[in-house]
Structures are given as C-alpha cells and as structure tokens.
Amino acid sequence: MLTPEQIETRLHRILLKVQKPGRYVGGEYNSVVKSWEDTPLKVALVFPDIYDIGVSNVGLKILYDQINQRPDALAERAYAPWVDMEAEMRRAGIPLYSLETYHPLAAFDLIGFSLPYETLYTNTLNLLDLAGLPLRSADRDERHPLIIAGGHATTNPEPMHAFIDAFAIGEGEEIIHDILNMLRRSKEQGWSRLELLRHLTQIPGLYVPRFYEVAYFEDGTVREIRPTLSEAPKVITKRIVAKLPPPPTRFIVPNVETVHNRVSVEIMRGCTRGCRFCHAGMIVRPVRERQVEEIVQAAEEALQQTGFEELALLSLSSSDYSRIIELVEAISQRFHDRNLTISLPSLRIETVSVDLTEKLKQHRSTGFTLAPEAASERMRRIINKYIPDEQILQTVREIYRRGWTTIKLYFMIGHPSETLEDVQAIADLCQRVLAEGRKVLGMKAKVHAGVSTFVPKPHTPFQWASCDTIEQILAKQDLLKRSLRDRNIKLSWNEPQETLLEAWLSRGDRRLAEVIESAWRRGARFDAWGEQRNFQAWMEAFAEHDLDPAFYTHRPRRADEVFPWDHISVGVRKSYLFQDFRMSLEGQIRIDCRQQCFACGILPTFTDLRRQNPGDFWKCPEVKSPARPLPVLQAELTPSGA
Amino acid sequence: MRLRITFAKRGPLRYTGHLDLQRNWERIIRRAGLPLAYSQGFHPHARIQLAAALPLGFASRAEIVDIFLTQPVELDHLKEKLQAVCPAGLEILQVEAVEENAPALQTRLQAAEYRVTLPSLNADAQRELRQRIAGLLAAPSLPRQRRGKDYDLRPLIHELRWLEDGSLFMRLSAVEGATGRPEEVLDALGIPWEETLIERIRLIFTE
C-alpha cells in the first residue's frame with residue numbers, strides 16, 4: 001500500500017494535467033485533520049459523484065461532525081474523480097485517497113458511501129475498484145475496510161446487496177455510533193469479518209444482506225425473503241432521531257468554485273403533504289421541526305464559521321413549517337444588510353409564498369420557482385397534490401407584478417394513468433402563465449418549464465405502478481415541444497434513457513447486482529451525467545444476464561406481490577400505501593396529515609421514541625384513541641408462499 | 001480603510017486559481033468579522049484587489065492583496081486574527097494600512113522574481129544547464145509562440161541565474177502586455193516544468 005507521501009508525490013506530477021485540480025487536494029477551511037497514529041477508528045466518507053456536487057452534501061457533513069467529535073475516531077472524505085483525473089490516477093498507480101491526509105482508502109477501517117440516488121451505483125463500484133478493493137462483499141475479509149452505505153436510494157438496497165457489507169436504513173446520526181462501537185469491539189477482540197457481520201445484524205436499522213436469501217417465482221417475482229441467521233431480524237426498520245440534533249455549522253469551505261457554496265440549515269425534516277409520487281415524503285416521516293431561535297442561531301454561527309455569501313433554509317416543504325412567517329421575519333431582520341443571498345426552496349403555490357420570498361431577496365435575478373407537478377385536475381387528484389388552476393394563476397400574477405420576469409414551473413409526465421390530454425394541459429397551463437406575465441410585463445415575461453419524467457419509487461403508493469415506455473415518454477415530450485413553441489417559453493426535459501435507468505434500479509431486485517457490475521465493466525459510470533451515460537452498456541449487461549429491463553419498469557405489480565424491499569421498513573405500512581394507491585386511482589385526495597392522522601404506521605413504529613421525547617417539535621397530531629386499524633386488504637397482506 | 005496584506009500561497013492552495021483565490025479572500029475577511037466594502041450597483045461585489053495573478057500550480061511567498069473596508073479597524077493583532085481563519089497553505093506575512101486612493105497595485109507592477117526548484121542534477125548536467133543559460137542570455141532575441149501568438153521572450157528576461165543550491169533564479173517582466181512566464185523560460189532551457197516547483201519570491205513595483 002502506498003504511503004500518503006508517495007501518493008502526494010505522484011499527485012503533484014499529474015494535477016496540472018486535469019481540469020480543476022483544486023478538487024483533489026483538500027486543505028479546505030473547516031476540514032478536520034486528526035492524528036492518524038493516535039486515533040483508533042478511521043472512517044472514510046465517500047460521496048460517489050464529483051467533488052463539486054458532493055462537498056456541500058449536508059448528510060455527509062452531519063456524519064463527518066458526529067465521527068470527528070469522538071475522541072476515538074476520525075472521519076476523512078473522498079469523492080469520485082472526474083474521468084480525466086481517474087485516467088491519470090490509474091496511469092500513475094494512485095489509488096483512491098482521502099483529501100485530509102492522502103491515505104489510501106484501503107487503509108481505513110470503515111468506508112461509508114452516501115447513496116442519495118440510484119445513478120451513483122456504477123460510480124460506487126468504480127471507486128471500490130479505484131481503491132484497490134474487491135468489489136464484492138463475499139470477496140472481502142478482515143484485511144479490508146468494512147463497506148457501509150446509506151441514503152435515500154438504500155431504502156431498496158437489493159440491487160447493491162452484493163457490493164455493500166451493511167446498509168444503514170434511515171437517519172444516520174445515531175446508528176453511526178452503534179456501528180463504530182461495534183467496530184471497536186471487533187478490533188479489540190479480533191473478530192473475523194463474518195463474526196463482525198453477525199454482530200452488526202444486532203444493530204437496529206442496519207441491514208446485512210449476506211444473511212438473507214431470496215426465493216423467486218417462475219415469473220421472476222419474489223416469492224420470499226428470509227434471514228438465514230436465526231438472530232437476524234425478519235424486517236429491518238429504519239432509524240430516526242426523535243428530536244433533530246443541533247445542525248452542523250462548520251461547513252467545509254471549498255477552495256474552488258462548486259455547485260453550492262452555501263450554509264444550509266435544515267429547518268424541518270419530513271413532510272405531511274402525502275404527494276403520492278414523492279419518495280422523500282414517504283420515507284422521511286415523521287415531520288420534526290427545529291425552533292426558530294435554533295435556526296437563526298445556527299445560521300449566524302455557520303455564516304461566521306464559513307464566510308459564505310449564501311444561506312439556504314432546507315426542508316421538503318418550507319411553507320409547512322409551523323412558524324414560517326416568524327422564521328422569515330427573524331432571518332430577514334438579522335441578515336438583511338450583509339450582502340447575502342438567502343433561499344427558501346419548496347414553497348407552496350400561494351401568494352403568501354411571494355411575500356416570504358420577497359422578504360428574503362434583495363433582487364429578483366434568479367426567477368421564481370413553482371412546482372405544480374401536474375396540470376389537469378384529474379392528474380392532481382391522482383398524485384395528491386391538489387392546487388386549483390385559479391390559485392396558480394393568482395400566484396403567478398402576483399409574482400410578475402412584484403417584478404420577477406421569469407417563472408420556473410416544474411412538472412412531471414408519466415404519472416399513473418396519464419393521457420396525452422393531461423400532457424396537453426401542461427402546455428396549456430404554461431401558455432396561460434405566460435399570458436398573465438404578458439399582461440404585466442409585455443414581452444419581457446418568461447416561463448421556464450422543467451418537465452421531468454416520473455419514476456415509481458419503492459415505499460410509495462405508486463410502487464405498484466408501471467413506468468412509461470421510451471415510446472410513451474417520447475410521444476409526450478414531443479407533444480410538449482410542439483405545443484410550447486414560444487421564444488419566451490423555455491422547455492427542459494430528461495432523456496428517457498436516464499429515466500429508465502433510474503426506474504429499473506429503484507425497483508430492482510438482487511439479480512440487478514450482476515447487471516450493475518457488468519454495465520460498469522462495459523464502461524458505465526457517471527450515469528447521472530448525460531454526456532457520460534452509456535445506455536448501450538446497460539442493455540448489453542441485461543442481455544448478458546438474460547434479464548428483461550421491461551420486467552422492472554413497465555410491469556404493473558400485482559396487488560399481492562412481494563417486493564424485493566419488503567423486508568425493509570420505513571415505518572409506513574404497505575397496507576397504508578396500497579390503500580392510498582387505490583384512492584389515487586379513484587381520484588380521492590388525502591389532506592395534510594397534520595390535520596388528521598391517517599395511521600400510516602409511523603406512530604406505532606416509533607411509539608417509545610415519541611413517548612420519551614414529549615414536546616411539539618414532532619408534528620404528528622395527537623391520536624386520542626388507538627389508531628383505527630385499516631381495513632385489511634386480504635389480497636396484499638398475505639405474504640404469498642408463506 | 002485600505003489594508004494591504006502580503007501572504008504566502010503554498011501546499012494545497014497552489015491548485016486554487018486567481019478567481020477562486022479572490023473568493024477565498026472575501027470569505028476570510030468575512031470570517032475575521034472585518035467590515036468588507038462592496039461596490040455600488042445592482043450586483044455589488046467585494047472590493048478586493050490582488051496585485052498579480054499567480055498561475056495554477058505555482059507557490060508564492062510574495063503575494064499581495066488590497067482590501068477595502070467600510071470602517072477603520074485596529075491593526076494590532078490583525079495578522080493573527082486573519083491567520084486564524086485562513087485555509088491551509090495561506091500564510092499571512094504582513095498587514096499594513098495604505099493610502100485609501102493610492103493607485104491600484106496592478107498598474108504599478110513592473111517585474112516578478114521566481115525561484116525554481118529543479119530535479120537534482122549531476123555535475124555534467126549542471127555544466128550543461130549553465131551553458132544553456134549563458135546561451136539564452138547571449139541571444140539577441142528568442143522568438144517563441146504562445147497560444148498561437150508570436151512573441152520575443154528575450155526582452156522579458158531581466159535576470160536568469162543558476163544558484164548553488166541547485167535552483168534557478170529569474171526576474172521576469174510583469175508589465176501588462178509584456179509578462180514573462182517562468183514555464184516558457186524553463187521550456188526554452190529544455191527543462192520539463194511539470195518536474196519543477198516554481199515559487200514566486202518577489203513582486204517589484206514602480207514607486
């Protein structure tokens with residue numbers, strides 16, 4: 001294994017040959033360098049996309065702080081080198097190394113991958129390879145670092161089960177300590193890799209795929225998933241923190257320009273709106289809020305610690321923060337004269353949002369973003385994001401009137417049962433929005449329509465739905481392109497190939513591990529980057545393993561189908577999701593569940609946590625009587641084959 | 001108030017370019033809690049002036065930046081206060097107050113001195129290098145091309161010497177439109193510059 005000095009010497013010979021070498025050298029303000037020799041537990045945190053994107057990731061920042069605050073542990077960082085740097089590293093024999101001390105990743109005890117989206121899977125394999133590690137968990141032993149992954153995509157861990165030793169399901173703040181404590185015991189007692197993995201199954205929320213086996217029906221669907229180890233849990237339930245811990249403030253300050261150079265403060269976690277397409281809305285329950293004073297204080301401290309010029313207040317739905325007006329007042333009062341850009345994303349479509357944004361923004365250069373997601377009344381009922389047209393038009397009128405010239409509208413095509421009429425409604429709505437703008441601003445008014453394609457996600461009511469085919473997607477995009485020919489309307493969309501890739505990976509089963517590895521060997525990586533995507537490699541990989549991609553994407557699931565992720569619980573019952581799916585097909589909407597509990601399953605899953613943490617930061621309404629059990633849907637509750 | 005800060009730029013910060021360094025300085029000043037001045041207008045920008053751009057990959061112990069503040073600040077302990085909020089590789093060497101409306105340093109820049117650490121050379125190679133230096137200096141002109149443009153390198157070399165410690169010293173013109181680049185000199189000497197470490201050691205200004 002190379003020493004850090006050897007790595008550094010080799011690096012200096014190649015760095016000036018690649019774009020933006022500042023990505024690869026570390027040394028950022030607020031990065032933490034602890035003594036390698038004096039710290040027993042060494043963790044590398046990896047974001048498997050480029051530095052420019054990964055360095056501002058808040059989830060990894062939380063873990064970085066949690067680990068570095070322990071006297072017995074250190075955390076360092078690594079990101080995916082861009083293709084030019086990867087080629088130079090391989091040529092010079094430089095393994096993947098950490099930015100803090102230039103240690104090869106193979107020298108760490110634990111490598112933690114963040115997997116927020118599925119298109120990072122091939123990069124993950126590439127980084128394991130670049131680190132000189134065997135790709136497969138079964139080929140690694142106690143001489144190699146333990147490989148753990150977490151993040152939203154891992155709510156269906158199965159496609160990556162062969163490569164990752166253990167998946168941390170849910171929130172990471174506490175489980176990371178359980179893992180480190182276990183690792184410490186393992187080192188002290190000299191456990192074999194197998195012994196360590198067995199012990200890890202005892203940590204709630206940690207899924208060790210090695211000890212589970214899957215049986216399939218002849219048609220390729222899952223018959224059963226069961227543990228092969230008596231002590232391994234049948235169902236792995238995600239971890240949450242009952243009360244959000246103080247937010248991180250010592251953000252890494254990159255020495256080169258990156259995508260987000262900003263202080264991010266999470267004002268609340270979770271969302272109660274229940275949009276049926278939304279993965280985060282289902283898997284991040286319950287809603288937990290931070291106090292206004294805590295947010296303002298953290299923002300102040302973080303701005304001082306970083307010198308950043310931008311502040312973002314993050315949540316899935318800012319308007320739903322209980323004291324949003326008070327928060328915006330407090331933030332604007334405290335920071336208005338500091339030449340800062342303040343952003344409050346994910347606002348509801350209502351005129352109040354214009355007031356809120358206006359309070360925070362000094363100028364209107366960036367355009368105002370709204371996300372109606374669908375444009376026909378029928379579709380809005382199906383996805384459970386119901387906003388009447390009149391409310392949208394009233395809001396955009398107000399936005400243009402207050403001086404914004406560009407409105408960005410986000411839509412999705414491909415929702416279940418969508419027809420070309422529903423797509424036409426998107427184009428019509430864009431035209432009507434522009435017409436409102438023209439009344440106020442004339443030809444200066446602009447609309448930017450961002451139309452992405454829906455991908456059914458696990459653990460959502462739409463997990464039973466099929467995804468559009470390439471032909472359907474192209475026909476819909478074509479309709480939009482034809483109907484939106486106006487020089488003041490800009491239309492952007494996703495390539496259908498990207499959508500399909502995401503679709504089969506999100507609802508894939510264990511057999512996809514073979515496909516992922518083959519696709520990587522055939523050159524697939526940076527799948528989220530249009531210019532790097534190698535769709536051909538994926539199609540060949542499917543063919544090589546005799547699997548049909550359409551099985552994963554275009555097939556409506558049976559009501560009683562066992563899903564590959566059924567042994568992973570995010571606290572929301574499958575019967576609840578199915579009921580919601582049925583309601584969707586009937587066009588029934590569900591109101592914000594802060595108003596009324598629909599018994600999704602979160603409260604019974606985390607009863608003890610809630611009892612131990614009284615207070616109103618947790619936003620589930622008080623349920624007086626025990627939650628009324630849902631009508632049991634016979635068809636789907638009986639695990640087939642059991 | 002106008003502060004003039006002399007600093008060294010080394011280590012990982014060698015790979016941070018001119019514009020990114022400017023942004024770094026803004027953040028350092030804000031972290032130090034100093035009242036940074038901004039330009040007027042629709043897109044206010046911080047009033048920070050770096051004396052001379054340092055090419056990517058070069059180290060320096062002689063960079064200078066002027067920083068405009070809206071109010072005067074105490075100079076005592078300012079150096080330590082700034083140093084405490086600098087990223088790795090940035091060392092504050094001197095902090096002084098200068099005349100608010102003195103001309104910008106960029107306009108007064110005349111020349112820059114560099115020290116180039118070379119891979120170790122044996123006696124023969126040393127002799128040969130010294131001969132090449134003498135040849136270069138003796139030439140009436142050194143026509144070269146850079147980014148498709150013809151120019152003469154010779155008048156841009158004010159001084160070029162081989163030092164006993166095995167490094168090269170050069171003083172090159174740094175007037176706008178007539179800037180000598182150390183890697184061009186190294187190339188003219190047949191030294192692959194990727195294998196050297198170039199450090200800027202002094203900026204020379206007109207009075």
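Why does Ser417(A) count as exposed? I found 12 C-beta neighbours inside 10 Å, so Ser417(A) counts as exposed. The rule I used places C-beta atoms from the backbone and calls a residue buried with 20 or more other C-beta atoms within 10 Å of its own, exposed with 12 or fewer, and partly exposed in between.

I noted that this is a predicted model, where local features need pLDDT of at least 70, side-chain atom pairs count only at pLDDT 80 or more, and totals for chains, interfaces and linings use all residues. Residues are numbered from 1 along each chain as its sequence is written, while chains are lettered from A and ligands numbered from 1 in the order in which they are written.

**Positive phi**

I checked phi next. Ser417(A) is not a glycine, yet its phi is positive, about 65 degrees. I placed Ser417(A) in the loop between strand E16 (406–413) and helix H14 (420–441) of chain A. Helices (H or I, at least four residues) and strands (E, at least two) are DSSP runs, numbered from the N terminus.

His459(A), also not a glycine, has a positive phi near 65 degrees. I found His459(A) in the loop between strand E17 (446–453) and helix H15 (470–483) of chain A. His459(A) counts as buried because it has 22 C-beta neighbours inside 10 Å.

**Cis bond**

I looked at Arg285(A) to Pro286(A): the peptide bond is cis, with omega near -5 degrees. Pro286(A) lies in the loop between helix H8 (279–283) and strand E12 (288–289) of chain A.
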